[in-house]
Amino acid sequence: MPKILISDPTLRDGNHAVQHQLTLEQVAGYCAAADAAGVPIIEVGHGNGLAASSLQVGESSVTDREMLVTARKNLPHSKLGIHVMPGFATIPRDLAPAIDIGVDVIRVACHCSEADITQRHIGYVRERGRQVFGVLMMTHMLDKDRLAEEAQKMESYGAEAIMIMDSAGAFLPPDVSTRIDTLVRILHIPVGFHAHNNLGMAVANSIAALESGATILDGTARGFGAGAGNTQLELLVAVLHKMGYETGIDLYKILDAADLAEKNMIPVIPTIKSISIVSGMAGVFSGFAKHVQRISAQFKVDPRDVFFELGRRGIVAGQEDLIIEVANQLSTRRAAPVAEVV
Amino acid sequence: MTTKQLDDMQNDCALSVGEDVNRLFPLRNANLLVTGGTGFVGSWLAEMAAFLNDCHGFKINLCLLAPRASDFRSRAPHLASRRDIELIESDVRSLIEVPRETNWIIHAAGSPDNRFHFSHPVKTFETIVVGTHSLLNAASRLSALQKVLCLSSGLVYGPQRWEDVAVAEDAFTALDCNNFANLYAESKRAAETITTAYRSQYGVPVLNARLFAFIGPYQLLDRPWAINNFLRDALRGGPIRLQGSGETVRSYLYGSDLAFWLLSILVSGNIGGAYNVGSPMGISLKDLATKIADDAPRRPRIELNTLPSAKVSNTRWLPDVSLAQKQCSLEVRVPLDQAIRRTVNWHAERILQPQ
Amino acid sequence: MTRRKMVPVAILGSGNIGTDLLLKIQRSPWLECKLFVGRNLSSPGLAKASSLGVPISSNSIDGILQDASDCEIVFDATSARDHLRHWPLLQKAGKRVIDLTPAKVGKMCIPAVNLEECLAEQNVNMVTCGGQASVPLIHLIGKTQKDLEYVEIVSSISSRSAGPATRINIDEYIATTESAISLFSGAPRAKVILILNPASPCIDMQTTIFAKVPDPRIEPLALAMEKMVATIRSYVPGYEIILGPIVENGRLVVMVRVQGMGDYLPKYAGNLDIINCAAIAYAEACAMKSVDVASAQEVTRA
């Protein structure tokens with residue numbers, strides 16, 4: 001049984017669930033606990049990654065620099081990771097200083113069909129001698145062969161592993177298997193998977209990925225994340241141990257870390273509410289959840305209609321502004337004369 | 001470049017030529033055109049021509065054709081300023097004419113950088129296929145043309161199976177042309193097909209060389225190949241990170257050997273022939289990384305298996321060069337250890353010297 | 001009244017941008033393209049120009065310096081690297097240059113905002129697509145709102161409108177656009193986000209402007225924006241505000257959509273078209289000014 005590398009974005013993806021208001025105390029506390037549990041990579045930052053604090057996706061209460069410095073101080077053994085999206089973060093202004101602070105693993109992410117925008121950022125991380133993964137997001141929107149092409153581009157740019165994200169929580173296990181299968185076959189670098197739980201499939205999808213040859217998995221404490229949340233980390237670790245996989249993580253200590261997260265950091269344990277089900281069915285970025293709810297209420301439209309329309313239009317991560325347009329359109333459509341009887 | 005660096009280049013060329021300079025006599029007083037003349041291959045051909053002129057009185061007139069001359073002037077000023085080297089700025093795709101007195105052509109235009117192939121596939125295909133077509137068209141009207149050597153790639157054979165020790169010139173497997181990752185290999189195959197067409201229809205005296213992997217000064221460190229990654233990591237102080245256990249096998253021919261081989265094949269190779277060019281001596285990436293680490297200024301650490309992988313992804317890419325060896329009496333003269341040492345020093349010196 | 005004479009111009013760069021410019025100039029009553037220059041004779045743009053009877057050259061900058069000596073304005077649609085080479089030569093030759101590359105050595109020109117000031121410059125650049133789409137409205141936010149703290153724009157463009165050059169230069173796009181929106185709004189902090197969307201059919205360019213203002217005053221802003229949009233539409237017909245200005249969640253929001261004219265570039269490439277339209281607007285203003293000056297001189301001479 002190969003070793004499985006666990007990467008823990010509790011302090012990054014989880015930030016979506018609290019509108020990017022995680023405090024430095026919370027960062028310090030969780031880092032210390034996860035480091036003690038032996039979690040190999042701890043990813044920290046705004047929900048959309050480096051330099052994503054914005055009116056578009058939400059402003060964080062602390063700066064990237066403060067979060068990373070705090071995390072670095074509290075991770076004596078584990079690697080510090082960040083999520084970086086070209087289009088939000090730039091090399092000179094954001095990525096270079098982050099590496100200076102001591103980030104070890106940089107995951108350069110893009111929408112699944114746009115890998116060539118990551119060329120320079122991946123190349124820069126390699127030049128700086130840090131570890132770089134290529135990340136493809138919203139991967140339910142591409143078939144396995146096109147996805148493999150995009151992954152190959154990232155491999156050619158110097159990515160050392162490829163993460164496939166089910167950002168909308170839209171996958172069922174066979175969807176994951178076909179994609180991971182193809183990628184593992186075609187790529188020369190390891191493949192990983194990041195699940196969301198909108199359809200209650202996060203752990204099952206992660207195991208399906210494993211069985212197709214993925215060797216890197218993401219999980220967050222208690223599934224901390226937007227909407228229905230992510231793969232529940234401590235649960236995943238337990239399942240992996242039960243299946244005989246090695247993670248290097250101490251079970252009791254990761255359970256403690258999750259308990260700590262629940263106590264100090266997670267105001268509402270993620271559950272799968274109606275809105276999350278719709279979001280998963282519609283194939284919409286799970287980080288949109290709170291925005292859709294707020295804006296739908298403001299424009300007095302059904303958030304479920306908004307999700308399905310966003311999905312129909314093929315809206316990608318980072319396009320939160322379009323929620324306003326869609327809600328507005330739906331509200332004016334509804335306000336129009338109802339029936340014209342002919 | 002310092003005097004020592006210039007001497008080193010000349011010594012490299014002398015080592016590669018050995019006692020066999022007379023083999024290249026047909027190049028004396030000749031006009032040699034190199035397309036893609038300012039890249040790695042072009043730069044080494046220029047070094048070799050300069051050596052043959054300076055140390056053996058060859059009086060070769062070298063013409064380097066490339067889309068941008070300014071890069072070459074800054075990278076190799078000692079070559080760009082020579083009176084026996086002329087730079088022509090031209091895009092090979094729209095080439096209509098080449099200098100009328102050209103006797104020998106080496107067509108090296110086209111980037112082997114696979115990042116470029118993935119980000120600019122249309123331009124990659126155009127440069128290689130349309131570029132070869134344009135060049136041969138121009139060559140077909142030259143009165144004094146002796147031979148054209150087109151540089152193809154060892155990738156045209158298709159993937160080498162692990163069980164095959166080395167790949168010879170007849171070892172073709174099929175490439176899936178609908179697979180986007182095969183674009184560069186397919187472009188090179190199409191280019192070879194075009195050489196066949198021009199040879200058959202217009203009698204252009206053309207032959208192909210299939211290039212494998214090389215090492216030496218003038219190779220950009222940011223190229224995404226294993227050896228460049230190792231060099232770059234090593235020069236930065238390391239660690240040198242390897243995926244997997246590093247059992248993948250490659251071989252590397254040094255720049256001056258490459259230049260001598262190409263000129264020899266140009267002169268003595270058969271029209272219509274295809275010759276593998278590269279080192280037949282395989283080395284695992286792990287051993288390569290170790291050698292590089294040994295030569296690097298701060299002896300960096302090597303890390304294997306940095307990330308867990310489900311499959312063993314070792315590959316082998318080695319040329320069988322017995323055809324070039326027998327027909328053109330070629331051999332590897334710069335041993336790999338020396339090649340690595342020269343390359344590491346060259347890059348290290350450049351990092352220390354401000355431009 | 002003397003008959004209006006067209007100002008001779010040249011286009012350097014025969015790719016899609018240059019060719020689209022050519023077609024716009026063909027329509028212009030003020031500009032006449034005397035030379036269309038590329039560096040590669042097999043470029044489809046040169047073939048197109050030739051088919052329209054426009055003189056062509058594949059001698060790049062030399063073509064302009066030799067054959068287009070009477071051209072007053074040169075549009076440079078090549079690359080940043082090439083522009084840095086071209087500019088000193090064109091400057092010496094006394095040409096007025098419109099830089100459509102990322103080089104940005106000259107003054108930033110947003111016609112709806114600072115056209116007049118730019119007429120005195122010898123080199124202007126058209127900033128970026130996000131800049132052209134948002135700066136006029138951001139400028140109004142700066143003028144009508146008190147204590148503007150921060151301004152942010154998010155542009156979504158269709159994947160097919162973003163070629164390799166755009167994709168490799170996203171960092172530069174962000175830096176340039178941020179400096180433009182800071183400059184023209186006076187906001188102490190600015191942020192620019194770019195999103196590529198692969199949806200089919202291709203989306204038009206869409207830009208959302210957010211501003212942080214303690215006490216937003218919508219009415220004067222909406223009024224000013226209506227007038228501004230009319231001005232912009234005079235040179236970018238496909239420009240419209242699709243939402244706002246409104247206040248949502250404590251932020252001022254305006255959403256703009258730009259559909260291209262579809263001259264040579266596809267209609268969905270509003271991001272590319274808006275830059276070309278702005279360039280033409282500036283060139284026509286220069287032409288009008290020089291023709292007025294010429295007419296005035298003729299009148300005084302008569």
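This is a predicted model: local features need pLDDT of at least 70, side-chain atom pairs count only at pLDDT 80 or more; totals for chains, interfaces and linings use all residues.

1. Chain A first. I get 14 helices and eight strands for chain A. The C-alpha trace of chain A spans about 70 × 45 × 45 Å along its principal axes. The radius of gyration is 19 Å, which agrees with the value near 20 Å that a compact globule of 342 residues would have. As for burial, 66% of the 342 residues of chain A count as buried. Among contacts in chain A with a separation of 6 or more, 79% come from residues 24 or more positions apart.

2. Now chain B, with 12 helices and 13 strands. Its radius of gyration is 20 Å, close to the 20 Å from the globule rule for 355 residues, so chain B is as compact as a globular protein of that length. Along the principal axes, the C-alpha trace of chain B covers about 60 × 50 × 40 Å. Buried residues account for 50% of the 355 in chain B. If you take the contacts in chain B between residues at least 6 apart in sequence, 83% of them join residues at least 24 apart.

3. On to the cores. Which residues touch the most other members of the largest nonpolar core? They are A:Ile162 and C:Ala279, in a core of 222 residues. The element that gives the most to this core is helix H10 of chain C (residues 270-301), with 12 residues. Apart from that core lies another one, of 107 residues, including B:Ala191, B:Leu285, B:Ile340 and B:Val344.

4. Leaving out residues up to four places away in sequence, A:Ile162 touches A:Phe133, A:Gly134, A:Leu136, A:Ala151, A:Met154, A:Glu155, A:Leu183, A:Leu187, A:Ile189 and A:Val191. Note that A:Glu155 and A:Gly134 are on that list too.

5. Then there's the contact between chains B and C. Chain C puts in six residues and chain B five. On the chain C side, the residues that touch chain B split into two nonpolar, three polar and one charged.

6. Is A:Met138 buried or exposed? It counts as buried, because 24 C-beta neighbours fall inside 10 Å and the cut-off is 20 or more. The other one is C:Ser60, with phi near 45 degrees. C:Ser60 is placed in helix H3 (residues 60-67) of chain C. With 20 C-beta neighbours inside 10 Å, C:Ser60 counts as buried as well.

7. Last, the cis peptide bonds. Where does the one in chain B sit? It joins B:Gly238 and B:Pro239, with omega about 5 degrees. B:Pro239 is in the loop between helix H8 (226-235) and strand S8 (240-241) of chain B. In chain C, a cis peptide bond links C:Ser200 and C:Pro201, with omega about 0 degrees. C:Pro201 is found in the loop between strand S9 (189-197) and strand S10 (205-212) of that chain.

How values were computed. Residues are numbered from 1 along each chain as its sequence is written. Chains are lettered from A and ligands numbered from 1 in the order in which they are written. Helices (H or I, at least four residues) and strands (E, at least two) are DSSP runs, numbered from the N terminus. A residue is buried if 20 or more other C-beta atoms lie within 10 Å of its own, exposed if 12 or fewer, and partly exposed in between; C-beta atoms are placed from the backbone. Two residues are in contact if their C-beta atoms, placed from the backbone, lie within 7 Å. Ala, Val, Leu, Ile, Met, Phe, Trp, Tyr, Cys and Pro count as nonpolar, Asp, Glu, Lys and Arg as charged, and the others, Gly among them, as polar. A nonpolar core is a set of buried Ala, Val, Leu, Ile, Met, Phe, Trp, Tyr and Cys residues joined through C-beta atoms within 7 Å. The radius of gyration is taken over C-alpha atoms; the globule rule is 2.2 Å times the number of residues to the power 0.38.
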